[in-house]
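Morning, everyone. I have one structure to show, and I'll go through it briskly. Here it is.

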Amino acid sequence: MPTAPANPFIRYRVRLDSYRLAQERGWTDRRFVALVERLDLAVQDVEGTGFAVTPTTNEGALAEAAGLQAGALWIKDETRNVGGSHKARHLFGVLLHHAVTTETVGELAIASCGNAALAAAVVARAADRPLRVFIPTWADPLVVARLEELGARISVCERRPGEAGDPTYLRFVEAVAGGAVPFSCQGTVTPITLDGGRTIGWELADQLIAAGIEGPVRVFVQVGGGALATSLWLGLEAASGLDLVLHPVQTEACAPLTRAWDLLNEESSDTHTQLVLIHDEPDRFMWPWEPVGTSAASGILDDVTYDWPTILEATLITGGWPTTVAEETVVEAHRLARAHTSIEADPTGTAGFAGILHNVREGSIPTNLPTVALFTGVER
């Protein structure tokens, strides 16, 4: 039996929207594979590594530290991906769409000061595309320096008087309206960003099935803008056949998704009605969180959960619930993760595990059933 390709964009290519688009345009399978291989080699030239399936491992020591039974905790490690996070998966998927259509020209644009910006800069450099990055005034100097090394054009964004919402996102939207090409990890402005992100869900489903895991499986995932949780769920839902329960996680510093959940449940306890409301009256449930506080998990402090509808739909349908974690839990989860695993994840990357920690201590979830978290960002 042939070995499955290591590159997820080749392994799962027939499920990608970009592949279906290529087929509709008369491409052969070999031509699409050659495109992925060529662009992946270019990424390797820039970053030193290309795309590969990332591991999901049973972490007994961390499970016991969290109050779970030793075999109950599974961690998918995205810190080993291009750019040290899951973000490059989204943006490589966008790049494939651009390459297939050959219609998207002009400067790429993204609003970010962390892993998404770094991923965008790597992928754009590999494709020899100009990139403009909108960053806040407080961006990490090390990240800014790396962006400059990769040739990104940087715009520092200050809040304008009377302005509500993230100024970097607002300047990004203005740039797109002026002709820039959206190259972000937000599905609301770059819908095709969800395509590559689904590879995470497809992988995780295959890995859980290969491990012989039976449901219900509780999946805790940190939520900022929401593209990770949305694309993860779309991949899991389509590929697995597992009995899954979704638990999105935010911090007390910024929790617009949890607020939307609470408002939705105040409005109605009927799931069908709630699902209708999500789509028919979204502005009643989602708007910018103010003021945004501070957190060690700074990468999920998006004031709006842009890709929220699918997340709440999946949470409702599967019987899950959002978790808002206190800052001390965010910090402790990171400490435990570093002490009891070999994964070099940052506090944003371990925030999903913070949700597990919170729920175990609240007695809200069983301690003997399979529980999954993603570690998504490397500590720099």
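First, the ground rules. This is a predicted model: local features need pLDDT of at least 70, side-chain atom pairs count only at pLDDT 80 or more, and totals for chains, interfaces and linings use all residues. Residues are numbered from 1 along each chain as its sequence is written, and side-chain values use heavy atoms, with hydrogens and water left out.

Now the cores. By nonpolar core I mean a set of buried Ala, Val, Leu, Ile, Met, Phe, Trp, Tyr and Cys residues joined through side-chain atoms within 4.5 Å. Buried is under 20% relative accessible area, exposed is over 50%, and partly exposed is in between, with a 1.4 Å probe and protein chains only. The largest core has 49 residues. Among those with the most contacts inside it are Phe 32, Phe 92 and Leu 96. Several elements each supply at least two of its residues, including α3 (29-47), α5 and β4 (131-136). Helices (H or I, at least four residues) and strands (E, at least two) are DSSP runs, numbered from the N terminus. The largest share, 10 residues, comes from α6.

Look at Phe 32. Leaving aside neighbours within four places in sequence, its contacts (heavy atoms within 4.5 Å) include Phe 9, Trp 27, Leu 96 and Val 100. Apart from this core lies another, of 43 residues, with Trp 233 and Trp 261 among them.

Next, salt bridges: a side-chain nitrogen of Lys or Arg within 4 Å of a carboxyl oxygen of Asp or Glu. How many does the structure hold? There are 20.

Take Lys 76 and Glu 203. Their closest N and O atoms are 2.8 Å apart. Lys 76 sits in strand β2 and Glu 203 in helix α9 (residues 193-210), so this pair links distant parts of the chain, 127 residues apart. Both residues are buried.

Compare Arg 20 and Asp 17. Their closest N and O atoms are 2.3 Å apart. Both lie in helix α2, 3 residues apart, about one turn. Arg 20 is partly exposed, at 37% relative accessibility. Asp 17 is partly exposed too, at 33%.

Last, His 86. Where is it found? In the loop between β2 (73-77) and α5 (87-101). Is His 86 buried or exposed? Buried, because its relative accessible area is 6%. Beyond neighbours within four places in sequence, His 86 contacts Glu 78, Ile 200, Leu 228 and Thr 376.
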